Number of protein chains: 2
Amino acid sequence: MSWVDGKPAPGLSVHDRGLAYGDGLFETIRVRSARPQLFERHLQRLQDGCQRLGLACDLPALSAEILAFSAALGDGVAKLVITRGEGERGYAIPRASAPRRVLLGSPAPAYPIENAEQGVHLFACATRLAEQPRLAGLKHLNRLEQVLARAEWQDPAFAEGLMRDMSGRVVEGVFSNIFLVRDGRLSTPALHRCGVAGVMRAEIIEQARQLQLAVQVQDIAFEQLLCADEVFLCNSLFGIWPVRGLMEHRWSAGPLTRKLQGRLVELSGNS
Amino acid sequence: MSWVDGKPAPGLSVHDRGLAYGDGLFETIRVRSARPQLFERHLQRLQDGCQRLGLACDLPALSAEILAFSAALGDGVAKLVITRGEGERGYAIPRASAPRRVLLGSPAPAYPIENAEQGVHLFACATRLAEQPRLAGLKHLNRLEQVLARAEWQDPAFAEGLMRDMSGRVVEGVFSNIFLVRDGRLSTPALHRCGVAGVMRAEIIEQARQLQLAVQVQDIAFEQLLCADEVFLCNSLFGIWPVRGLMEHRWSAGPLTRKLQGRLVELSGNS
């Protein structure tokens with residue numbers, strides 16, 4: 001199932017700037033019972049992203065389109081790609097450019113239940129994230145770093161890969177964000193140099209605060225990760241996965257990880 | 001005029017990884033009298049790029065396709081986009097992925113003749129290039145930095161913009177490479193941290209050597225640029241443009257710049 005600019009279509013113009021330059025953004029939205037989950041957070045991030053890239057986005061129209069697509073999809077994943085639309089050759093933004101929306105439907109991912117229950121092993125990716133403050137935090141379409149990092153391992157024993165920045169700081173997973181617990185305190189990497197500010201990361205920060213758990217958003221050295229009492233990953237499709245292994249280090253799923261997992265299950269049941 | 005996988009087509013699949021992640025490369029080739037210019041250099045760069053990204057590229061078939069497209073185009077610009085092809089959602093490279101070729105024809109760019117004769121003014125872009133050795137030098141499809149940099153100025157008095165890296169080193173123009181002359185010696189920035197290794201840059205290095213002019217490929221600080229005797233830009237479409245202004249600094253087109261411009265004109269006449 002795919003829509004382009006609100007209508008079923010299998011393809012888009014070869015002149016689209018999304019193809020030419022990765023000039024656009026995307027969102028990966030879990031849809032349950034015909035309703036997009038964490039929808040307000042996805043819309044908020046889209047709005048922020050469009051503003052930072054100078055994309056003229058009609059948010060109410062876009063919101064209606066995603067809702068209609070979700071209703072048609074029923075259950076699964078709705079991926080929205082929003083590009084700067086068509087343009088002639090050259091980086092200059094066309095005066096008359098109109099953003100293009102692409103919506104792609106796919107089944108809900110079939111992750112093993114053990115990932116959430118027992119936790120996952122993280123592959124330590126050699127590919128580092130470049131530091132680019134103007135793009136940091138955005139879920140933009142320039143994703144070659146993630147492609148290269150994901151290509152570093154084939155062994156299904158690793159459910160995710162850890163990505164660091166050029167200075168070795170812990171940033172995120174290839175397709176998820178990361179949290180640490182140390183002495184009962186939650187922290188997650190600051191994302192002002194690189195990384196994607198995930199909607200589930202934002203949701204977890206909010207839920208932790210409601211549970212009176214402060215979350216420090218800060219630089220995290222690799223050594224701090226290795227000294228953590230608990231480590232977990234999150235994204236909008238799988239929720240929370242405890243991390244049980246990274247290189248020779250082992251963790252068990254700890255009490256804060258379980259508490260937050262439970263909280264998400266509750267919320268998802270209520271939604 | 002546009003071809004997808006060797007056949008005329010106006011669009012491509014919404015599932016293409018070029019759109020999803022910028023997972024691919026491109027080349028912008030000047031076509032004169034039905035023949036692609038600097039063709040061996042373009043093919044060489046494609047081959048290098050495909051190897052570094054792990055793209056399985058059938059170079060002889062691709063070469064034949066570009067030649068056929070150029071013959072049909074006659075005169076103008078052939079832009080080749082090569083992507084990793086279609087894939088399901090997710091960064092992992094599909095086992096069965098087949099690279100996709102997109103060829104786009106456009107008229108030769110109508111740059112003012114004064115750019116080459118009197119030289120151009122450079123806009124000093126605030127957008128810096130992130131340092132990513134794994135992608136440095138490649139003409140890949142992740143070009144948001146160039147889009148943001150090009151959007152910094154609208155004034156047509158600036159024909160190009162200067163881009164620096166995060167440490168302030170001179171790297172390149174938004175759509176060109178840069179050379180300096182100081183005390184009769186040519187230099188151009190090293191591109192192992194960021195930047196695009198242009199085919200015209202490679203051609204100029206080669207031509208300079210044939211003229212017994214050594215070219216230093218090295219880190220270049222902003223101050224070194226400002227102290228240069230001559231500065232020029234190059235790319236495969238416009239050849240060489242002397243730089244006459246950057247902020248309050250002024251240069252005239254010097255003897256080495258003119259010599260190399262003359263050499264390129266000779267070669268282009270002979271091709």
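Contact here means heavy atoms within 4.5 Å. I keep that cut-off at hand for helices lying on sheets. The model I am reading is predicted.

**Entry 1: helix 3 of chain B**

I looked up what helix 3 of chain B, residues 59-73, lies across. I found strand 1 (2-4), strand 4, strand 5, strand 6 and strand 7 (100-106) of chain B. Helix 3 runs at about 20° to strand 7 of chain B.

**Entry 2: the sheet of chain B**

Next I traced the sheet under that helix. In chain B I read an open sheet of 6 strands in the order 2-1-7-6-4-5, with antiparallel pairing. Which strands stand at the edges? They are strand 2 (7-8) and strand 5 (35-36) of chain B. Each has a single partner strand, so one side of each is left without a neighbour in the sheet.

Strand 4 of chain B, residues 24-32, is joined to strand 5 of chain B by 2 bridges, and the two run antiparallel. B:Val31 stands opposite B:Pro36 of strand 5. Helix 2 of chain B also packs on this sheet, where it touches strand 4, strand 5 and strand 6 (76-83) of chain B. The direction of helix 2 makes about 175° with that of strand 4 of chain B.

**Entry 3: helix 2 and helix 6 of chain B**

I followed helix 2 to another helix. Two packed helices are described by the angle between their axes and the distance between the axes. In chain B, helix 2 (residues 39-53) and helix 6 (residues 199-210) pack at an angle of about 120°, with axes 9 Å apart. Helix 2 of chain B is therefore oblique to helix 6 of chain B. The crossing is right-handed.

I listed the residues that make the contact. Helix 2 of chain B gives B:Arg41, B:His42 and B:Arg45, and helix 6 of chain B gives B:Val199, B:Ala202, B:Glu203 and B:Glu206. By kind I noted 2 nonpolar, 1 polar and 4 charged residues.

**Entry 4: the sheet of chain A**

I turned to chain A. Its open sheet of 6 strands has the order 2-1-7-6-4-5, with antiparallel pairing. Strand 2 (7-8) and strand 5 (35-36) of chain A are at the edges with a single partner strand each, so each has one side without a neighbour in the sheet.

How many bridges pair strand 4 with strand 6 in chain A? I found 8 between strand 4 (residues 24-32) and strand 6 (residues 76-83), in the antiparallel sense. A:Thr28 has A:Lys79 of strand 6 as its bridge partner. Helix 2 of chain A lies across strand 4, strand 5 and strand 6 of chain A, and runs at about 175° to strand 4.

**Entry 5: helix 2 and helix 6 of chain A**

In chain A the axes of helix 2 (residues 39-53) and helix 6 (residues 199-210) come within 9 Å and cross at roughly 120°. The two helices are therefore oblique to each other. Helix 2 of chain A passes helix 6 of chain A in a right-handed crossing. The contact draws on A:Arg41, A:His42 and A:Arg45 of helix 2, and on A:Val199, A:Ala202, A:Glu203 and A:Glu206 of helix 6. I noted 2 nonpolar, 1 polar and 4 charged residues in the contact.

**Entry 6: aromatic pairs**

One I opened is A:Tyr21 with A:Tyr91: the ring centres are 4.7 Å apart and the planes at 45°, so the pair is tilted. A:Tyr21 is in helix 1 (residues 17-21) of chain A, and A:Tyr91 is in the loop between strand 6 and strand 7 (100-106) of chain A. The pair links distant parts of the chain, 70 residues apart.

Note on methods. Residues are numbered from 1 along each chain as its sequence is written. Chains are lettered from A and ligands numbered from 1 in the order in which they are written. This is a predicted model: local features need pLDDT of at least 70, side-chain atom pairs count only at pLDDT 80 or more; totals for chains, interfaces and linings use all residues. Side-chain values use heavy atoms; hydrogens and water are left out. Axes are lines fitted to C-alpha atoms, for helices over the stretch in contact, and angles run from 0 to 180 degrees between N-to-C directions. Helices (H or I, at least four residues) and strands (E, at least two) are DSSP runs, numbered from the N terminus. Angles under 35 degrees count as roughly parallel, over 145 as roughly antiparallel, 65 to 115 as roughly perpendicular and the rest as oblique. A crossing is left-handed if the near helix is turned anticlockwise from the far one by less than a right angle, and right-handed if clockwise. Ala, Val, Leu, Ile, Met, Phe, Trp, Tyr, Cys and Pro count as nonpolar, Asp, Glu, Lys and Arg as charged, and the others, Gly among them, as polar. Two strands pair if DSSP finds at least two bridges between them. Rings of Phe, Tyr and Trp (its six-membered ring) pair if their centres lie within 6.5 Å; planes under 30 degrees apart count as stacked, over 60 as edge-to-face and the rest as tilted.
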